[in-house]
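Let's take a walk through this structure together. Have a look at the sequence and the model below, and then read on.

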Amino acid sequence: MSDDPIVKKPESGFWHDAYPELGRGPISLEDSVCPEFYEKEKEHVFRKNWLCVGRVEQVPKKGSYFTRELAILDTSVLVVRGKDDVIRAFHNVCPHRGNKLVWQDDPFKEMEGNAPLLYCRFHGWRFNLDGSLIKPSRADLLLDFDGSKCSVPAIQCDTWGGFVFINMDPDNKQTVRDFLGEFADGLEGYDFDGPHQVYKFKAELQCNWKIFMDGFAESYHGPYLHANSFGALTEVAKMDAANPYTDALAYQLSGPHRMFSFYGEPSKETPFSRPIEKLTESSPAGPWNKKPSDKPLPKGLNPTRSDKYGFDSFQFFPNFVLIFSSSGFTTHLHWPTGPHSHIIEVDMYFKPPTTHKERISQELTVSFLNDIVLEDASPLEGMQAMLNSRALTHFHANDEEILVRHLHKVVQDTVEEGEKEKNKNIIAKQGG
Amino acid sequence: MTSKLPQQFRELECWVEEWGIEDGHQRYVKRVNSTMEQLKAFYNDMFPRGKEAIEYINQFDYSEPLPEDAANLRNLVYSLITVALAVEVWRQPRVKHSANTILTRIC
C-alpha cells in the first residue's frame with residue numbers, strides 16, 4: 001500500500017468545493033415526511049437497487065437458509081444455499097396457492113435453519129433448493145399443469161465481501177461489485193472472512209430511515225449530543241474553529257455512495273477513561289489488549305493516512321452502512337417500515353476472543369456502543385414529529401454535513417428520474 | 001454442597017440470583033427496570049472485586065465451558081459492565097434523553 005493520502009481537503013477549506021454539483025443551499029425535507037414520496041422511494045430506491053440482507057456465514061452448509069421480513073419490499077425473502085453451493089434468494093411463497101413457504105409458529109417471524117428441500121405445509125408440495133418443483137402432491141388430480149412453470153419465484157442474489165445482496169429489479173444487469181464501485185476497489189483485500197465474534201442489536205424507531213443515517217454521517221455533533229458520554233473530552237472539543245476531535249479527516253462521494261474517515265479516541269487508557277474501562281481494559285473504540293492485525297489495511301481505509309485515524313464509515317446506497325475500526329467491522333442496515341418509522345439493525349463483527357479476558361473486554365465495547373447508539377438515536381423521534389408538523393420545509397447542511405446533503409440529493413434524484421422514466425413509458429404505451 | 005460462586009467470592013453470592021444473567025438482552029432489561037439505588041448497591045459490592053474476578057475467570061481455557069461457579073462469576077462481571085455504564089456515564093438507569101427506547105440484543 002502506498003502511504004500517500006488518496007484524498008485531500010480542497011485548498012479552499014470546504015469539502016463542498018470538491019463536489020460543486022451538490023449545491024449548497026437548504027435541502028427539502030419532503031423526502032422524510034411525505035407519505036406519497038415514501039411510496040415512490042419504495043418503488044425507485046428500494047426495489048431497483050442491491051440491498052444487503054445478511055452474511056454468507058448465515059448459510060454455512062448446503063440446505064442452510066434464513067428468511068427476512070422486509071416491509072419496504074412488501075415481501076418475505078428466503079435465502080438458501082443450494083446443493084451446488086450457490087446462494088439463491090426467493091420470494092418466500094409456494095407457487096401452488098401462495099402459502100408462505102418457510103415459517104414456523106408465527107408467519108411474520110424471521111427464522112433460519114437447514115433443510116434438504118423446500119416443503120409447503122399446506123398441501124405438501126416439494127421444491128428443490130434451487131426453487132424448481134420436485135413433485136406436487138396428488139399428481140392424479142392435476143389439470144393443464146406445467147411443472148416447469150411452477151417454481152418458487154426467484155429474486156436476483158449476489159455476494160460481495162461475504163455480504164449477501166438481493167435486487168428486486170428483474171431487469172437489473174449490474175453485479176453487486178460493479179454497483180458498489182470504487183469504494184469496493186479500495187476495500188479489496190480486507191479480511192471479511194470469518195470466523196467472527198458477532199454481536200447483534202435491533203430496534204424499531206419512529207423516524208424516517210434517512211434521518212438516522214444522517215446522524216451517522218458526520219461527527220461534529222460529538223461535543224453536543226454526546227456531552228454525557230464523552231464528557232471531559234467534549235469540553236476540550238467545543239470550539240468555534242476547525243476542530244481536530246470532531247471534524248472528519250475526509251469525506252468522499254462516489255456515485256450514489258459516500259464515506260467519511262474520522263478521528264477516534266484511541267483504544268488505550270486516556271485521561272478520560274472511566275473506572276469500568278480501566279477495569280476491563282477496553283473502551284468504545286475497542287479492547288486495549290487486542291493484537292494488531294498482521295494484514296496491511298486496504299488502500300481505501302484511512303484514506304488520509306492519518307495517525308489520528310479512528311474509523312471509516314461507508315454508506316452504500318441505499319441503506320447499508322459499513323463501518324471499519326481497529327476492532328473489526330460493524331454494519332447498520334436501515335429497513336423502512338413506513339414513511340416515519342424504520343428498523344435499525346446493528347451487527348458487530350469482532351475477532352473471536354481466545355481468552356475470557358478478551359471476551360470481557362469486548363463486552364465493554366459492545367455494551368458501551370449500544371448505549372452510544374441510543375444516545376445518537378435520542379433526538380430522532382422528537383425530530384421526526386417536528387418535521388411532520390410541516391413548520392419547516394427545508395433544513396440546512398454545513399460543510400461537515402456534506403454526506404447528509406448527498407444522501408438526500410441521491411434519493412430525491414433517483415425518485416425524480418424513476419418517475420420521469422415511468423411517465424415516458426406510459427406515454428409511449430398510449431402513443432402505440 | 002456446591003456453591004454458586006468460587007470460594008473466595010462467597011460474599012457476592014447474594015447477587016447471583018438477581019444479576020447472574022447470561023443473556024445480554026435480559027441484563028439490559030434488568031438495568032433499565034432497576035432504580036439507581038439498586039444499581040449502585042450492586043456496583044458498590046461488585047466493582048472492588050472486579051479485577052480479581054476477571055483474573056480468576058481468565059485462568060480457564062476459553063475453548064472449554066466454564067464450571068458453573070465460574071460462569072456465575074463471569075455473568076456478574078458482565079452485569080457489572082452493564083450497570084457501570086448507568087452509574088459512571090449516565091447517572092441514571094437509562095441512556096439520558098432516550099425516553100423508553102432500548103435496542104433488542106439478539107446475540
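The accessible surface of chain A comes to about 19500 Å² (by the Shrake-Rupley method with a 1.4 Å probe), and carbon and sulfur atoms account for 54% of that surface. This is a predicted model, where local features need pLDDT of at least 70 and side-chain atom pairs count only at pLDDT 80 or more, while totals for chains, interfaces and linings use all residues. Residues are numbered from 1 along each chain as its sequence is written, chains are lettered from A and ligands numbered from 1 in the order in which they are written, and side-chain values use heavy atoms, leaving out hydrogens and water.

Now for what's under that surface. Of the 432 residues in chain A, 53% count as buried, meaning under 20% relative accessible area with a 1.4 Å probe, protein chains only. Chain A has nine helices and 21 strands; these are DSSP runs, H or I of at least four residues for helices and E of at least two for strands. Its radius of gyration, taken over C-alpha atoms, is 24 Å, close to the 22 Å from the globule rule (2.2 Å times the number of residues to the power 0.38), so chain A is as compact as a globular protein of that length.

Then there's the partner. In all, 35 residues of chain B are in contact (heavy atoms within 4.5 Å) with 34 residues of chain A. The area buried between the two chains, meaning the accessible area (1.4 Å probe) lost on being put together, summed over both, is about 3400 Å². On the chain B side, Tyr62(B), Ile81(B) and Leu103(B) lose the most area to chain A, together 23% of what that side buries.

Note on methods. Buried < 20%, exposed > 50% of the residue type's maximum accessible area, 1.4 Å probe, protein only.
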